[in-house]
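This report describes how the chains of one structure are built and where they meet. The sequence and the structure are shown first.

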Amino acid sequence: MRYEEWSGIARKASKRSLWMVHFCTGCGAIEMPPVMTSRYDMERFGIASMATPRQADVLLITGYLTVKTLKRVVQVYEQMQSPKYVIALGSCTMNGGMYWDSYNTIKRLDKYIPVDIYVAGCMPRPEGIMNAFLKLMKLIDEGKARGWERYKKYYERYKKNQEMAFNFVKKEEKEEEKNEGD
Amino acid sequence: MHPVLLIAIPLLVAFIIPLFKKYGPSIALGALALNTGISIALFSVVYSTGTVHEIIAGFAPPIGIFLAVDSLSALLAMIINLFALINFMAIGKASEYKFSMLYLLAVAGSTGIVITGDIFNMFVFFEITAVASYALVASRKDKKSMEGAIKYMILGSLGSIFILIGIALIYSQLKSLNIYDIASRISTMDAKIKWASVAMLLTGIGVEAEIFPLNGWVPDAYQGASGGVASLLSFGPSKAAIYAIARIMLVIFPLQKVYYLVLTIGVITLLIGELAALKQENVKRMLAYSSIGQMGLITIAIAMGMNEKNAILAIFFLMVSHASSKASLFLLSDSSGMGSAATKYTGIVSVLGIVGMPPFAGFWGKWYLLMAAINGNMLWVIVLIFFSGIVEAAYFARYLHRYYGNEESFSRLTKYSMAVLATMSLIFGLLPLIYEMGLKTLFGMGGV
Amino acid sequence: MLDIILAEILVAAIITFFVGRKLAAIIAMAVSILPLIALLDWASLYGFNIIHLGIEKSISIPIAGVSLNLAITPLGWFFALMIIPLFPAIMLFSYSFYKKNDGFYPFMLLALLSSIGIIMAKDMLTFFLFWEMMSWSSFLLVYRSRDKEAVMSYFIFSSLSAFLIFLGILIIYQQNASLLLSSINIESNAYGVVAIISLIAGFAIKSVLMPLHAWAPYVYSKSDEPFVAFLAGGLSKLGYYGMFLILFILAGAKVLETYFTNLSPNYILAVFGALSAFIATLIAFMQDDMRKLLAYSSIGQLGYIAIGFGIGTPLAVSGALFQAFNHAFFKAVLFLAAGAVAYRTGKWKISELGGVGYRMPFTFMATLFAIFTLAAIPITSGFAAKWLLYESAIDAKYIFVAPIMLIAGVGAFLYSFRILYGVFLGENRYPNIKEAPKSMVAAMFILVMPLLIFLIFPGYMLDMMHDALISGNIATLNHNAFVIETSLASYNTIAVIVALMIALIPAILIYKTRKHRVVDFMDNYLAGELPELYDNKISMHAASRFYKPIEEIIGPYFEPGTMSYYMAIYRGLKAISDAVRKIYTGKAGDYAIYVTLFLLIIMGWFIWM
Amino acid sequence: MDVSAIMIKSAVVIAYAFIGTFIGLLFLGVGRKIVARVHNRVGPPFYQGFIDVAKLLSKKTNISHGWIFDLALLFSISGILLAFAFLPVGGIKLLSTDGDAFLVLYLLAIPALGFALGAGASGNPNAGIGVMRALVMMLSYELPFVITMIALMIYYDTTSIARIVELQSVNGISSWAIFIPPFMLAAAVADMALQGMLMEQPFDIPVAPHEIASGPMVEFGGKYLGTLMLYKAISIVVETTLFVDFFLGGGVIMHGGIVANIANFIVWFVLIFIVFTLSLLINTAFPRFRIEQAFTFYWKYEAILATVALIWVYWMVI
């Protein structure tokens, strides 16, 4: 059986069972427990949280990212098995938020990995997160959540951006070392 | 082929060796070779015809002294001379003329003990052997050997006194020195004197035969002596002495009292020897104690030989096995290791032989001895023998492990001759020779 | 024919002592195939049922006054089929294993000779003679390891076993004045019982039954693997051959039962077997040295055979023989595989190995199959054997033995996985080693073959052991090639196989229809950590003290180990010897006093008597 | 046994394999639902299991780590189906006359072993630790379970599960093993062993998502994880059925006739559902043990109780 024949069923199935691995280095992590527990019980939509990216469909990035953490995010994202989706929580992921002027903040996440859904707010409330997931389901159903295909298509570009970010920091570090040397 | 040559040649040669000093060793070697030939011939004669009696100086027994060569003594004569030859080769250049002279005397003496049929001659040969052996033990001329030699001499002389007294007691009663003559008329002896003489003879010969507790000299003497001498002692005098005990006990006094006595002595000797060997660090001392144990085993066999034919076979096998294996081990003990193939071979084969693995002679010895024991319903003896066997295995395993593969410094001749010596046990184990020999009538004694 | 073969082997042993490595290996291989050919030829002539043939091929060789009588008996035939095939494979393996010919081949051929002698012996003397030859030839092989514990313990224990057997044989001889197996019947009195027990103890030493196993871990873990493959595969079976001889062919079991009326002695043997299966298994998965682990696993697996002999019902005994057959082959394969791994990596410690299987796939496959058989995964012949044993335990209502042997069977999974994961899988630590040499791989696969045959046809194995059982007065099970019927249940391999085929269909469908991509080993989930930042130096192998949590619970119960008790005995003996040594004071005066005392004592003796 | 009979038999077996899979997947969803209700949540729909498996099998990329890794996929599902085929299900014997309890016990080890091989080949330390825990758990809970099993075997003097079920259903419910005093104890013990077998809390030590990233299946995704879910689903059915066959007469209440078969089937379904629910309820009530605690629990308390039961039975039989 080829993927296209499956895709109809597959989309229906995968929208109702979104397994997420959440990359909770940002403060948004605190919003997840209510979403998962009995107040807003995500599980009724078949959403469950997984321990490893191999098993997950959704990468949930909760807020602030530095260059150091970006490396890990990219690693995790590439270890996920497509079709895979990214939800970015909080304004930090859009524009660096309140850390916009820090030298090692990742301002725009989707320069580095394709983001399917941004959730605005600092922090977004659980309802927002639920909303994002419902939106994502809708997109999947319509076949519009194609971030993973974008990543495959423009792989070089994404890589270039990532390298730039990493090298920038490398340069900075070198300079610092030099200054210390003097 | 007159058996007296076996004694005469080495004696004569021993006395003419001093005349040409530097050729001494080679002459001795020749003499030994000749002797070996004669002994083998003698062996074949006995093998075909049975016991050989030879009268010297034309008087009929009981007056005239005479030689009685039965199957065991023929075998032993051959073993002693053959091994003496090989051993002499092994000693090689270490021997100069005095040494060779003494060596020949010792060989002659022990051969004499074996083949004589007359207890006074036996005593004389004992003296010759003993004196030669004292000197041989001392021949390394260092403190240890002197000490060993002196102890040996003290005990040896003590022993010979007792032998002499024993013989005197018998003569005083029966006016005869011929073994068979005595054996036939032993019952006419006055009981007390008879027992006294038995005790005297047993004690006296026991000193040479290394039975407990008369073997105090053994560890020191063997430790003091050089490897060659030690091996000579192990297959020469000691075997001759144990043979003498066998002859006296089996021929003259095959009596139940003696039987239990000798059995007990044997068992005690076995246990003491093996146990004492377990802790020894010094190789020669360990081997000395181990040969005490083996002597104990042979003594047990002799005791049982009084009413078991299997035990007689056991005596044969045990003697050969112990002679070859222990002699080669003593030769080996001169240097601290088994480096080359030949020495490794020697070490392994002689250890296997002495522990009594088939198809070595030692195995058959143990086999027939235990057969005899089980026929005599003596489980306790069997268990004790097994126990001592395990102890033996333990210390020989340790010995092998310690000395295997170290560097050693033996001349090629030495290595090969000791390898041959070790192989003897295997050969005699595989050939049915000894078995056949053993089946031949042994001094036509009762009970067998 | 037999005598010619024996002579050839002897000659070959002597030749191989002198020739070079390769030639020696080839000669050894050729010679060790001979008896196998003879056996198969025999089978092709008469089929498997020798006993119905009525004739025995027998020869007698005179040596030192006795004559060695050899004959092919049904039991010997079965064990020959079990033991002799090991030798060609081992020789083949060692062809590239040894760098120089340092006495492996001659002694190995001697071992072959003596094992043929043992299993073909017609009287006890012959048996014992060859048994001893076996002992010292294998001792010389152990000896090459130069390891103090191994050498000494093996020498002492094998002489102990020799003496126990010797004692038994002597008593038997005294009882019926003959050593021919055909004419022996052991009387049911104290002597006879002592004989049987000492014989069984003697054999149990060689077939490492707890608590007489103490030498095995040292010897197995220090000697060369080709030899250990024989030691674990062949020699231990010879011990059980002896046990079968005593218990069933000489009817020792019945004698014991009639003597001990109230307590049943066979139960005790079964319990010993169960305990050694259980304890050895628990110890096994705590080992770090691959060879020690395999040694303890052998002790455990051999325990099952003792259980079977102890229970003694037809079910049990056929299960035991089946288990013996399997163990001979899979344990040989496992030790050879250990040898192959060590040959390439030079390591034995599981904590230092890892990922070897990716580079040595064939070795891994052989090991995997052997381990399936060891762990009695169904439809392997290992399962059939274990199944028979379990059935027998339930059938005889041995409520103590049954659970223990079952849980030991589960424990086998643990140490099996220890090997599979720690050595062959996990982190790829040896990225640039090669597959083992062809000869080694070939040897391993040759040894795997028989297991494959009896995987499908367990019934054939029962056919093979039929005559042996008959000769031991044991009924045989009703079975055909695939199905084994017992009073409790039945086991149908063909049903399992067909069901497996059907069950594999969905798996294969899923596997085939969805394509997959093989990724590099380092592309692995490490909680987002990046190995390349550390030049892939992150250790990803959880192999050292793998079973730590359970080790900390059960470990203390197995301290200080059996050997320490034997060492205590040894030290005691040394103390005694020290005491005895003090008799020899070294003063001539004392010695003189001894002499006179001796004289007086024996005089006293004479007067008193 | 002629060809047509074999065909029919295999057809029945295959049909039951499908039914078993279906029920298993159903149980996955229902189980989550029940747990959710206990947590006072809504929980996923009861058909969630089907959705998850479909999704996993329809993943576009599947990551493998070589052929040994693939063994996990092949062994796990085939092994568990094999085990299911050798169990009597609701009075239908399937193949259980060709094997017995020991066979089933060892067949249950096949998927575990394949799983372990795959996990090992993935080369992830978490996987190694997870397998270690799984094996130790196995060693732990097998001891009490085996002892109770032997008690049954000795009591009914057979090792074949089919025979045990028959003997329990000679006169209806009243002759189920659980109504015999020693086997009440044994059933209690075996139920705790079942808890370990099903890897429900407090014994979900091997797959501890928060400690070792879901242990053995840390590297499993896509079709591999989907297969493992199928395996998990069927294993629930198999293990509960094993318990029901042993102690609850395999759910057999009537004999003969199609009606009886249907009734038995329904009873069997209800019973395994009850057993499963029981373990779920225990699951929701407990946190996770450490592996040492689990081991001591099984080998000390459980084993002693089981031994008591065994000796009691032995004393009854002799």
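## Chain A

The model discussed here is predicted. Chain A contains seven helices and five strands. Read from the N terminus, its elements follow the order α-β-α-β-β-α-β-α-β-α-α-α.

Of the 182 residues in chain A, 40% count as buried. If one takes the contacts of chain A between residues at least 6 apart in sequence, 81% of them join residues at least 24 apart.

## Domains of chain C

Chain C is divided into domain 1, covering 2-500, and domain 2, covering 567-608. The centres of these two domains of chain C, taken over C-alpha atoms, are separated by 47 Å.

## The largest nonpolar core

The largest nonpolar core has 599 residues, of which Val333(C) and Met405(C) touch the most other members. Helix H6 of chain D, residues 125-156, gives the most to this core, namely 22 residues. Domain 1 (2-500) and domain 2 (567-608) of chain C each supply at least three residues to this core.

Which residues are in contact with Met405(C), once its neighbours within four places in sequence are left aside? They are Ala274(C), Ala277(C), Tyr304(C), Ile307(C), Leu389(C), Tyr390(C) and Ala393(C).

## Where chain C meets chain B

The contact between these chains takes 46 residues from chain C and 51 residues from chain B. On the chain C side, the elements that give two or more residues are strand S1 (58-63), helix H6 (124-143), helix H7 (148-176), helix H23 (562-581) and helix H24 (588-608). H7(C) provides the largest share of this side, with 14 residues. By residue class, the side of chain C that touches chain B comprises 35 nonpolar, five polar and six charged residues.

## Where chain C meets chain D

Here 60 residues of chain C and 66 residues of chain D take part in the contact. The elements of chain C that give two or more residues to this side include helix H15 (356-359), helix H17 (381-395), helix H18 (401-424), helix H21 (493-513) and strand S5 (517-518). The side of chain C that touches chain D divides into 46 nonpolar, nine polar and five charged residues.

Strands of the two chains also pair: S5(C) and strand S1 of chain D, residues 63-64, run in the parallel sense over two bridges. Within this pairing, Arg517(C) stands opposite Ile63(D) in S1(D).

Note on methods
Residues are numbered from 1 along each chain as its sequence is written. Chains are lettered from A and ligands numbered from 1 in the order in which they are written. This is a predicted model: local features need pLDDT of at least 70, side-chain atom pairs count only at pLDDT 80 or more; totals for chains, interfaces and linings use all residues. Two residues are in contact if their C-beta atoms, placed from the backbone, lie within 7 Å. Helices (H or I, at least four residues) and strands (E, at least two) are DSSP runs, numbered from the N terminus. Ala, Val, Leu, Ile, Met, Phe, Trp, Tyr, Cys and Pro count as nonpolar, Asp, Glu, Lys and Arg as charged, and the others, Gly among them, as polar. Two strands pair if DSSP finds at least two bridges between them. A residue is buried if 20 or more other C-beta atoms lie within 10 Å of its own, exposed if 12 or fewer, and partly exposed in between; C-beta atoms are placed from the backbone. Domain bounds come from an automatic or database domain assignment. A nonpolar core is a set of buried Ala, Val, Leu, Ile, Met, Phe, Trp, Tyr and Cys residues joined through C-beta atoms within 7 Å.
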